[in-house]
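The sequence and structure are shown first.

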Amino acid sequence: MSSENRSAKDRILDAANRLFYSEGIRAVSVDAIAAKAGITKKTLYYHFKSKDDLITAYLTSRDQPNLALFRTWFDNAEGKLADKVEAIFSNLSQSARHPKWKGCGFLRTAAELANMPGHPAMKVGAAHKKKFEAWLCEEFQDHKTKNPGELARHVVLLMDGAFSTVLVHQDPEYLVSAGRAARAIVAEAS
């Protein structure tokens, strides 16, 4: 579908996704999003009553695609449960090697909104992280691991820690290392 045929709301959300992810939510103005979307600021405010609503919509739009991608990586990986978990990290490491990769949009947004814990986008980000953890827990329960809830939490901690460390050091190998650690703890619990 050409950009002329897409709705103004979709174009706004696409522009917000590109700009917020690449530059950060505080660095991007509503004017910049409107210009990137090829619409007026009035049109933007017709679809989103505030920048905060747009930030929340940005994260909401990333939720299911990200979760689906993790599931795909997991499902397509060969081997045992531990290999499948490690595959998520390996694939993230490959993604992190792309020049446009800026880390986890949910964590980056949370960092920018840390002084606003009640912000709707913070709630969306927290829900996303909990959905990932709950999905891992279900997989671990299905595979009869020991302490599936705690194991899922440990994998989430490894992932989010690796995301942060990769951003600090600009080295995707930290995701590979975190994947090996995740593989080891999952194998131990299996």
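## A lysine in a helix

K84 is found in helix α5, which covers residues 81-96. The model is a predicted one.

Setting aside residues up to four places away in sequence, K84 touches F74, D75, A77 and G79.

## Charge and burial at K84

Is K84 buried or exposed? K84 is buried, yet has no salt bridge. The nearest side chain of opposite charge belongs to D75, at 5.6 Å. A salt bridge requires a side-chain nitrogen of Lys or Arg within 4 Å of a carboxyl oxygen of Asp or Glu.

## The chain as a whole

The protein chain has 9 helices and 0 strands. From the N terminus on, its elements run α-α-α-α-α-α-α-α-α. Along the principal axes, the C-alpha atoms fill a box of roughly 55 × 35 × 30 Å. Of contacts between residues at least 6 apart in sequence, 65% join residues at least 24 apart.

## Surface and charge

The accessible surface of the chain comes to about 10100 Å², with 53% belonging to carbon and sulfur atoms.

The chain carries 27 positive and 22 negative side chains. The centres of these two sets lie 5 Å apart.

Methods
Residues are numbered from 1 along each chain as its sequence is written. This is a predicted model: local features need pLDDT of at least 70, side-chain atom pairs count only at pLDDT 80 or more; totals for chains, interfaces and linings use all residues. Side-chain values use heavy atoms; hydrogens and water are left out. Helices (H or I, at least four residues) and strands (E, at least two) are DSSP runs, numbered from the N terminus. Contact means heavy atoms within 4.5 Å. Accessible areas come from the Shrake-Rupley method with a 1.4 Å probe; for residues, only the protein chains shown count as cover. Lys and Arg count as positive and Asp and Glu as negative; His and the chain ends are not counted. The place of a charge is taken as NZ of Lys, CZ of Arg, CG of Asp or CD of Glu. Buried means under 20% relative accessible area, exposed over 50%, partly exposed in between (1.4 Å probe, protein chains only).
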